Amino acid sequence: MELNIEQSDLAFAVGRALGSVSTRSPLPLLSCILLEAEKDGLRVTGTDLDVTTSVLAPCEVKSPGRAAVSARHFHDVARKIPRGPLSVALKDQQCEVRYGRGKGWSRFPTQDPADFPRTPELKAEASLKLDGDALGRLVARSAYAASTEETRPQLNGVLLQGGDGKIAFVSTDGHRLARATHQGTFAGLSKDGVIIPSRALQAVSRGAEDATGPVEIEIAAGKNQAGFAAQAGAYRIQILTRLLEGPYPNYEQVIPRSNPKQLKCRRADLMEAVDIVASHADNVTRQVRFSLRRGRLGVASATELGAGEHQIEASYDADDMEIGYNAGYMLDILRSIPTEEVAFHLNTALSAGVVEPVGALPQPDEELLCLIMPLRLPDAVG
Amino acid sequence: MTRSIRRLAPETASRIAAGEVIERPLSALKEILENALDAGARSIAVQVERSLDHAFQVADDGTGIAAGDLELALERHATSKIATLEDLDRLGSLGFRGEALPSIAAVSRLRITSRRREADGASFVLVEGGRAVERGASARAPGTTVEVADLFFNTPARRKFLHSPAGELRAALRLLECYALAYPEVGFRMTVDGRERLSWPALPVSGLAPEDHGGAPGLHDYRERASALWGARHAAQLLDALGERDGMRIEALLGLPEHARATREGQVFIVNRRWIQSPPLSQALRRAYGNLLPGGRFPASTLWLTVPPARLDVNVHPTKREVRFADESAVFTLVAGACAKSLAHIHPPLTVVRGGAATEPRWADRVQERAGEQPYLRLGSLRPEPPGLASPGGGPAGPGVSSPGAGILAGDRSEPEAAGAGPREPELWQLHRTYILAPVRGGLVIVDQHAAHERILYEDARARLEGARGSAQQLLFPAVIDLSRSQFDLVLELGQWLNQLGWDLAPLGPPSVVIHGVPSDLTRENPGRFLQDLLDEVSESTARESDTDVAEIVARSYACHAAIKAGDPLSQPEMRALIDRLFATSRPHGDPHGRVTYVRLDLDELNKRFGRT
């Protein structure tokens with residue numbers, strides 16, 4: 001293997017591949033990245049067996065070949081090397097990088113690339129395209145609500161769902177739920193959808209930010225795999241992930257359609273109130289109390305750490321109501337909403353509340369809906 | 001061959017009888033020591049030459065023995081301590097049988113030198129194997145000196161079964177320690193081959209004791225003495241316990257759970273100023289510690305019990321090491337009750353800064369030596385924190401809630417903790433995902449994460465069960481779970497308890513239950529499985545334990561199942577919250593089952609190991 005490549009190209013490719021390298025793997029080879037000199041360039045791949053990231057960067061290949069080097073070590077050097085052309089070559093089982101026109105060199109021990117996990121072939125049953133920006137937004141508006149609890153693995157990811165002329169990204173941990181949609185025809189994606197692990201989406205959303213063209217999403221539900229590919233300038237980024245096994249809970253039926261009590265307020269006001277008051281809240285439950293009164297909303301918390309209350313203006317004209325929320329959940333939701341005002345649709349102090357943006361989102365073809373389950377306050381009846 | 005029955009020669013009989021009382025060299029020392037104490041000595045000096053069986057002497061400044069009584073004292077059943085059997089019911093002395101001196105005299109070379117306060121001079125008598133061989137006048141300050149040499153010289157068989165001299169000497173030191181605890185007003189000194197092994201000056205007895213207690217020493221004096229014996233630092237950590245009932249009185253210095261030992265060596269029982277061994281007292285003490293200690297650990301504590309002599313039989317054992325209480329169960333309740341009461345207010349020993357303030361400072365304050373200024377107001381350190389609820393102001397996530405979603409897109413969201421970061425708190429380390437290492441002033445504390453969390457949750461659960469109902473996180477997808485018939489019945493039975501804990505359950509009808517809400521600190525678990533585990537544990541415990549405090553069992557089971565396990569990775573804020581909350585609980589030393597939650601490693605100890613002293 002021998003090739004010439006720009007430092008910035010190498011550093012980018014290695015950095016992205018590193019994102020999928022597992023930090024603590026029993027398999028030493030999984031802490032490596034695979035360098036492959038092919039005819040179209042240098043392919044750098046990192047994997048933890050669940051998620052695989054591979055980046056194809058332009059370079060001048062003198063002789064093709066493969067080498068596996070320690071991901072962190074190689075990345076550390078690759079990003080520090082001065083900008084400019086450099087050469088990568090495999091010599092005596094060592095990977096040698098020469099840079100700065102003879103200014104310096106680094107050598108890395110290699111592992112047998114034949115043992116490196118083979119990137120599976122993705123035989124797509126369905127494929128669709130989504131603009132990079134839109135994909136990034138959809139992930140940002142949904143993924144935070146996914147569960148991290150291991151006992152319900154199907155909730156450790158985001159449901160990608162088609163149908164009704166739009167694509168929906170849905171996630172929930174059973175306490176709150178977020179659904180972000182984007183209009184368009186996504187024929188390949190069924191109403192049942194597929195569940196993408198949160199960890200993969202993390203890499204995907206990073207890739208989507210870089211993408212200069214649409215992101216191609218390929219799904220092989222039968223083989224439990226999905227792939228995301230995008231062109232980012234001169235690089236081609238591919239992320240391959242295994243899917244989470246469903247079934248995803250039937251979330252549609254828990255979205256209340258006719259909650260009678262409406263509350264509207266400025267999002268920034270509410271975020272400020274919750275943020276301040278939550279400083280006093282219990283560390284674990286993060287419980288804050290919402291006191292809904294005509295024309296205003298009080299947010300309060302009292303523990304032995306201290307107590308606080310913050311009143312904001314709100315449009316509300318139903319009966320007085322006390323309702324408890326986890327401040328962390330509430331802030332997550334408020335952060336994800338891009339509009340100036342938010343609306344709450346509530347029923348009782350124990351039932352699910354809907355939180356929605358007021359007015360159109362900056363992108364008129366998109367929608368956002370959040371659900372949050374209250375905390376039963378100790379003094380609540382029932 | 002037939003043998004006819006003969007009367008034993010007096011010296012043979014007395015040697016055999018002596019074996020009952022003087023079974024080992026230590027017994028001789030004990031008897032003579034008790035005589036000195038009975039004689040009202042204020043200062044006792046013990047000198048040992050080579051070993052106890054070789055030669056030792058005990059010198060006191062007590063009342064002394066009149067010259068004419070010296071030989072009488074060596075006769076069996078001659079004593080000044082009691083006159084009639086009834087006197088036993090008013091017994092104020094340690095001895096009463098009049099057996100000790102003759103017994104020792106029968107098996108050794110014994111010399112008694114004594115002078116009564118009012119006498120002009122001292123006199124002595126020297127006895128060998130029970131026969132007086134020399135007597136005469138001598139010079140001595142008022143008091144008595146008893147010298148014992150060549151113990152068991154005339155009973156070679158006994159000599160062969162003696163403990164090692166070093167072992168006897170250790171036992172002698174312990175004996176003196178125990179009597180020093182019983183008699184703080186007496187000074188004790190012991191030298192071995194001319195080298196001083198211990199010296200505890202007599203304490204001026206405070207007389208703070210209540211009237212009915214006479215001029216006898218009280219807890220204050222005992223604490224002083226303990227401090228002389230074991231060092232001020234250790235003594236300061238002992239807890240007072242005090243109780244009185246039906247004329248009986250208990251005073252105790254209780255060791256912290258972390259000082260517990262694997263044997264009963266750390267326990268000293270003193271009844272009417274007599275050092276005894278007593279399984280019932282030991283059990284009562286263990287009961288008082290309850291779940292503060294795991295099985296197989298014994299509290300290190302000293303108990304002083306005062307019982308009316310009429311209700312105590314001290315004459316049940318030749319060496320008087322055991323006593324019998326007329327009303328054992330009353331004693332048991334008194335001891336267990338008084339000690340438990342004191343332990344209920346147990347104070348964390350992490351008093352690296354135990355200055356003035358009535359409250360334990362927050363963890364961070366304790367750990368960090370701040371230079372002068374206090375950057376922000378901490379309400380927590382201004383008033384006592386109710387147990388089990390305190391948490392730090394720092395990180396947003398405690399154990400149980402790992403700010404959900406933090407793993408995702410962490411880059412594009414500003415974490416509230418970063419924004420509100422106060423002064424840097426000390427680093428904590430997680431060791432093998434099981435232990436948390438936390439530097440404290442003067443050392444290191446190693447916390448078992450599971451046990452610690454269990455203690456926190458247990459107290460939380462208790463608080464909720466006792467009234468402060470917990471908040472419940474309502475579920476978006478109510479979980480329907482199928483229980484066994486007995487589990488279902490248990491849900492109905494425990495309904496109120498579970499509700500208090502924060503469960504929101506709706507029984508559908510056997511065997512299904514709908515879970516609408518879960519205790520709000522329970523977000524990592526699968527609620528259905530958790531509920532079933534909880535029910536199983538409760539039903540098992542109620543079947544096993546006779547005195548069923550259902551709330552206790554529910555709280556314990558809840559804590560056990562909800563706690564993070566060994567192997568769970570913890571973030572910095574989670575560790576900090578865990579440690580802060582642990583030390584805000586009322587009994588941070590042990591989990592509800594009595595397992596230790598943390599151990600402390602002193603810097604002194606480390607310095608010693610690295611030879612930095």
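**Close-up 1. The aromatic pair Phe530(B)–Tyr558(B) in a predicted model.** Tyr558(B) is buried, with a relative accessible area of 0%, and Phe530(B) is likewise buried, at 2%, where buried means under 20% relative accessible area, exposed over 50% and partly exposed in between, using a 1.4 Å probe and protein chains only. A search of the whole structure finds nine aromatic pairs over all chains; rings of Phe, Tyr and Trp (its six-membered ring) pair if their centres lie within 6.5 Å, and planes under 30 degrees apart count as stacked, over 60 as edge-to-face and the rest as tilted. Phe530(B) and Tyr558(B) form an edge-to-face pair, with 5.7 Å from centre to centre and 90 degrees between the planes. The pair links distant parts of the chain, since Phe530(B) lies in helix H15 (residues 527-544) of chain B and Tyr558(B), 28 residues apart from it, in helix H16 (residues 550-562) of chain B. Helices (H or I, at least four residues) and strands (E, at least two) are DSSP runs numbered from the N terminus.

The model is predicted, so that local features need pLDDT of at least 70 and side-chain atom pairs count only at pLDDT 80 or more, whereas totals for chains, interfaces and linings use all residues. Residues are numbered from 1 along each chain as its sequence is written, chains are lettered from A and ligands numbered from 1 in the order in which they are written, and side-chain values use heavy atoms, with hydrogens and water left out.

**Close-up 2. The open four-stranded sheet of chain B.** The strands follow the order S16-S17-S18-S22 with antiparallel pairing, two strands being paired if DSSP finds at least two bridges between them. Strand S16 (429-431) and strand S22 (598-602) of chain B stand at the edges with a single partner strand each, so one side of each is left without a neighbour in the sheet. Neighbouring strands of this sheet are turned by 25 degrees against each other on average, direction ignored. Strand S18 (residues 443-448) of chain B is joined to S22(B) by five bridges, and Ile446(B) stands opposite Val599(B) in S22(B).

**Close-up 3. Helices H13 and H17 on the sheet of chain B.** Helix H13 (residues 449-465) of chain B packs on the sheet, touching S16, S17 (435-440) and S18 of chain B, and its direction makes about 75 degrees with that of S18(B). Helix H17 (residues 572-584) of chain B lies across S16, S17, S18 and S22 of chain B, running at about 70 degrees to S17(B). Contact means heavy atoms within 4.5 Å; axes are lines fitted to C-alpha atoms, for helices over the stretch in contact, and angles run from 0 to 180 degrees between N-to-C directions.

**Close-up 4. Strand S19 of chain A and its partners.** Five of the seven residues of strand S19 (residues 287-293) of chain A are buried, so S19(A) is largely enclosed by the rest of the structure. Six bridges join S19(A) to the antiparallel strand S22 (residues 321-326) of chain A, with Asn326(A) as the bridge partner of Gln287(A). Five bridges join S19(A) to strand S20 (residues 296-303) of chain A, also antiparallel, and here Arg293(A) stands opposite Arg296(A). S19(A) and S20(A) form a hairpin with two residues between them, and Gly295(A) in the turn has a positive phi of about 80 degrees. Ring pairs link Phe290(A), Tyr325(A) and Phe344(A) into a cluster.
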